[in-house]
Amino acid sequence: MNEILRLENVTKSFKYKTAVNNISFSMKKGEVTAILGPNGAGKTTTISMILGLLKPTTGDIKLFNSQSQELHVRQKIGTMLQEVSVMPGLTINEILVLIRSYYPEPLPLKDLVNLTGLTEQDLKTRTEKLSGGQKRRLNFALALAGNPELMIFDEPTVGMDITSRQRFWQTINTFANQGKTIIFSTHYLQEADDNAQRILLFKDGSIVADGTPQQIKSRISKKAVSFLTDPEKSLEILYHHSEIEQIFRKNNRVYIYSDHTDKILELLFQEKIGAHDIQIESGNLEEAFRQLTSENKEAI
Ligand SMILES: Nc1ncnc2c1ncn2[C@@H]1O[C@H](COP(=O)(O)OP(=O)(O)OP(=O)(O)O)[C@@H](O)[C@H]1O
């Protein structure tokens, strides 16, 4: 079966808030997908619904063509959520042995330790004495314990130091190369760009873009020419030029979006508007993200 996940017209409304608004998407085996979006966009709510921790108000979710509550489905999923509590009184080693025993084909303990960077000292530590970093490593090991086909991570690298972050993505890439399906949410554009083949960009509970990082960047991130000029200077003379797709002022700098930056430079000199400190910026994912998730631009 090639399709691992399908959401159809899924909405989640809380009393005063529609957190997720009529979203649909499916995911194939082996895809690595980032759910990207600003705070409050609906990422965690979506992941919680996929995992069966929250029930959609309307719509349908299928995992492996079944409901997420079914045992054969749960055995195929590994997850790491933002806030996790672990059983007190046990060492990391004891918890890993216990959790591995719930799965038909768990990963060997040695592999779990190597893949997550757990140390000998970590294994002996009792859960109530874990540092933030140790907790993260344990949670990662728990997510991998059952050798899951589908891995779902909610903002996995929050609170990780640089070394842990690098190890995390290395491990994820190893699993991706083995054909595992991976979904992770993040605020970090760079993480999505570096590690996902597909980005679902969320805003206000809706999906506003769905594509490869490259497609998303090329679809909406334009090149910009920006410059300083006298704030009193009228720029009306530029408005009728068809090469200019968008023009706005931000922090005293004027920005012009266009695919034809050479033409824009010509115009600036022709029209004698006193442009100085001219810069040309090519679009990047940060810019794409800003354009897609903000509504109000300061118009001139
Ligand atoms: N249990 C709840 N009751 C009421 N409102 C909620 C509940 N859970 C989430 N929300 C609201 O739904 C919206 C989406 O929240 P969600 O946590 O899914 O966003 P997010 O994209 O994961 O944000 P963040 O990046 O900050 O974690 C927010 O406005 C949030 O306040």
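I'll begin with strand S5, residues 77-80, which is covered on both faces: Ile77 and Thr79 on one side, Gly78 and Met80 on the other, all of them buried. Buried here stands for 20 or more other C-beta atoms within 10 Å of the residue's own, with C-beta atoms placed from the backbone. Strands are DSSP runs of E, at least two residues, and helices are runs of H or I, at least four, numbered from the N terminus.

A word on the model. It is predicted: local features need pLDDT of at least 70, side-chain atom pairs count only at pLDDT 80 or more, and totals for chains, interfaces and linings use all residues. Residues are numbered from 1 along each chain as its sequence is written.

Back to S5. Four bridges join S5 to strand S6, residues 150-154, and the two run parallel. Glycine 78 stands opposite methionine 151 in S6. Two strands pair if DSSP finds at least two bridges between them.

Next, the open sheet. Its three strands come in the order S2-S1-S4, with antiparallel pairing. Strand S2 (18-28) and strand S4 (58-63) are the edges, each pairing on one side only. Strand S1, residues 3-13, is joined to S4 by five bridges, and threonine 11 stands opposite threonine 58 in S4.

Last, the ligand. The residues around it include Phe14, Lys17, Asn39, Lys43, Thr44, Thr45 and His187; the criterion is a C-beta atom, placed from the backbone, within 6 Å of the molecule. Helix H1, residues 43-50, gives the most to this shell, with three residues.

Technical notes
A residue is buried if 20 or more other C-beta atoms lie within 10 Å of its own, exposed if 12 or fewer, and partly exposed in between; C-beta atoms are placed from the backbone.
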